[in-house]
Amino acid sequence: MKKIEAIIKPFKLDDVREALSGIGITGMTATEVKGFGRQKGHTELYRGAEYVIDFLPKVKIEIVVNADQIDACVEAIMSAARTGKIGDGKIFISDVSRVVRIRTGEVDQDAI
């Protein structure tokens with residue numbers, strides 16, 4: 001099993017969710033986060049004073065899938081989240097050693 005974490009622009013969340021649903025992914029977690037990379041934030045003007053906004057709003061998506069679904073998931077996220085501009089985000093993939101469904105006690109593949 002693998003865990004996919006994707007950091008994307010907030011307005012792309014619905015597109016990514018639909019793309020993942022289209023390939024059979026039925027569950028995911030989305031969290032509003034803030035961060036920066038090469039985008040490095042921007043400046044805003046508020047009541048005549050200039051402020052530097054270092055951390056930009058992003059959405060972090062977390063999905064646990066079988067290893068054979070990795071390529072399809074990554075491709076779906078990339079195609080749905082890409083704008084072609086700086087700040088589109090990143091995808092991280094890591095191993096998951098165990099999953100337990102709290103309600104039923106199912107483990108690993110049955111719990112996904």
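These legends describe an overview and several close-up views of a predicted model.

Residues are numbered from 1 along each chain as its sequence is written. In this predicted model, local features need pLDDT of at least 70, side-chain atom pairs count only at pLDDT 80 or more, and totals for chains, interfaces and linings use all residues, while side-chain values use heavy atoms, with hydrogens and water left out.

**View 1. The protein chain and its order of elements.**
The protein chain has 2 helices and 6 strands. Helices (H or I, at least four residues) and strands (E, at least two) are DSSP runs, numbered from the N terminus. Along the sequence the pattern is β-α-β-β-β-β-α-β. The C-alpha trace spans about 60 × 30 × 20 Å along its principal axes. The radius of gyration is 17 Å, whereas a compact globule of 112 residues would have one near 13 Å. This radius is taken over C-alpha atoms, and the globule rule is 2.2 Å times the number of residues to the power 0.38. Of the contacts with a separation of 6 or more, 71% join residues 24 or more positions apart. Contact means heavy atoms within 4.5 Å.

Accessible surface comes to about 7,700 Å², and 50% of it belongs to carbon and sulfur atoms. Areas come from the Shrake-Rupley method with a 1.4 Å probe; for residues, only the protein chains shown count as cover. Buried residues make up 27% of the 112 residues. Buried means under 20% relative accessible area, exposed over 50%, and partly exposed in between (1.4 Å probe, protein chains only). The mean positions of the 17 positive and 17 negative charges are 5 Å apart. Lys and Arg count as positive, Asp and Glu as negative; His and the chain ends are not counted. Each charge is placed at NZ of Lys, CZ of Arg, CG of Asp or CD of Glu.

**View 2. The largest nonpolar core.**
This core has 17 residues. A nonpolar core is a set of buried Ala, Val, Leu, Ile, Met, Phe, Trp, Tyr and Cys residues joined through side-chain atoms within 4.5 Å. I8, V16, L20, I61, I63, V65 and I77 have the most contacts inside it. Strand 1 (2–8), helix 1 (13–22), strand 5 (56–65) and helix 2 (70–81) each give two or more residues. Helix 2 gives the most, with 7.

**View 3. I61 and A30.**
Leaving aside neighbours within four places in sequence, I61 is in contact with I4, E5, A6, I8, L13, V16, M28, T29 and A30. A30 belongs to strand 2 (residues 29–35). Its relative accessible area is 41%, so A30 is partly exposed. With the same exclusion of neighbours within four places, A30 is in contact with L13, V59, K60 and I61.

**View 4. K9 in a loop.**
K9 lies between strand 1 and helix 1. K9 counts as buried because its relative accessibility is 13%. Beyond neighbours within four places in sequence, K9 is in contact with K58, T83, K85, I86, G87 and D88.

D108 is located after strand 6 (90–95). D108 has a positive phi of about 50 degrees, although it is not a glycine. At 27% relative accessibility, D108 counts as partly exposed. Q109 is found in the segment after strand 6. Q109 is partly exposed, at 45% relative accessible area. Not counting residues up to four places away in sequence, Q109 touches M1 and N66. Q109 and V65 are 44 residues apart in sequence, with 8.7 Å between their C-alpha atoms.
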